[in-house]
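Hi everyone, thanks for coming. Please take a look at the sequence and structure on the screen, and then I'll walk you through a few parts.

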Amino acid sequence: MDIANLICKRTAEMKPSGIRRFFDIANEMEGVISLGVGEPDFKTPYAIRKAAIDNLQKGNTRYTANSGLAQLREEIAKYMESRFSLSYDPHDEIMVTVGGSEGIDLSMRAFIEPGDEVLIPEPSYVAYAPIVSLTFGVPVPIPLKEEDNFRLTAEALEAAITPKTKLLIMPFPNNPTGSIMRREHLEAVAEVLRKHENIVVVSDEIYAELTYNGRHVSIAEIPGMKERTIIIGGFSKAFSMTGWRLGYLCAPKAALKQMLKIHQYALMCSPTTSQWGGVEALRNCLESIGKMRDEYNMRRRFVVDEFNAMGLHTFEPEGAFYVFPCIQSTGLSSEEFCEKLLYSKKIAVVPGDAFGESGEGFIRVSYCYSVNHLTAAVEGIREFLDDLKAGRIK
């Protein structure tokens, strides 16, 4: 028997992550400087680590409720109210997930019927389209344009809607561009959605706390949107807790009830120790967010200035911790640029087309690294561009 022939066709045809290919190569090379992974270089704040250790020592290691620790859901409700003026019942409108990634998956599986269309503004996070396809939905990209500051416009949204449209993903602050949606832009999007009763919004707000010019605004804050919006949040980026795998969903009661059933059968509950860390994070460590955000903001200014100075036009991000330099001036495709940079200078960045076809001509660079690391990397990229112009790299 050839077991490969029995694999689900949709799974077999799914392309591996465009990010992973480069880092599989980089992992086999010595001395590579990576600017590719979206993982904070800060340690999880000490108080969070201590709370988790204390609960381990107390033996608090049993399953929690499927929807998560009551204490954590209550803290999430307080956080959403204080940060975004959004009121959610911790008993039946909030669920703790295994990272924000599970929240994305649950949202798709709970709503998509075969053939339903899901609108995905792109460039955006690499997992959206594959998850849609695995649920037998149809991913429909909406190209975001730099002249619109990589925002979703009402006109582009309206043009993409069909009778088959079921979900709209709102990936802001955006990975990879760092773009954000201000209240006036969200109001324009909401005006379009109010004309279409049967479209659900999945708002991925994992980078909400990493907004640099004013506070993040959730589309659920816009009148008429909360009752049709699922908010995906988490602790990975804001609290530097990537390996803890801790996220959450905030959603209308009827929607959460169905997503919880999938969660029950697939995962039971999120890691108990991580949940106790999350309780401590929201109760006593909110000030750490601002400290890390200030550091990211300094790095943001540094890398934007450096890339523009070396001739790679770079959109100024207002959220997340990525820049998205345009490399079209080099005459190379995104993949060619990244491959040549990796092999000639041992610097790893991500090709823009890994985030959708509209990302071609760009690269994604993460600045969640130390200034020394970033300085060495941008100097290497500057040398790479000089070598290209001189014909020393073919």
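**Phe321 and its surroundings**

Let's start with Phe321, which touches Gly38, Glu39, Pro40, Tyr207, Leu210, Tyr212, Lys237, Tyr296, Val365, Ser366, Tyr367 and Cys368, leaving aside residues up to four places away in sequence; contact here means heavy atoms within 4.5 Å.

Before going on: this is a predicted model, where local features need pLDDT of at least 70 and side-chain atom pairs count only at pLDDT 80 or more, while totals for chains, interfaces and linings use all residues. Residues are numbered from 1 along each chain as its sequence is written, and side-chain values use heavy atoms, with hydrogens and water left out.

Which residues touch the most other members of the largest nonpolar core? They are Tyr296, Phe307, Phe321, Phe337 and Tyr367, in a core of 35 residues. A nonpolar core is a set of buried Ala, Val, Leu, Ile, Met, Phe, Trp, Tyr and Cys residues joined through side-chain atoms within 4.5 Å, and buried means under 20% relative accessible area (1.4 Å probe, protein chains only). Among the elements that each supply at least two residues are helix H11 (286-309) and helix H13 (371-389); helices are DSSP runs of H or I, at least four residues, numbered from the N terminus. H13 gives the largest share, 6 residues. A second, separate core has 30 residues, including Leu69 and Tyr88.

Finally, the crossing of H3 and H10 is right-handed, meaning that the near helix is turned clockwise from the far one by less than a right angle. Among the residues making this contact are Ala47 of H3 and Trp276 of H10.

How values were computed. Buried < 20%, exposed > 50% of the residue type's maximum accessible area, 1.4 Å probe, protein only.
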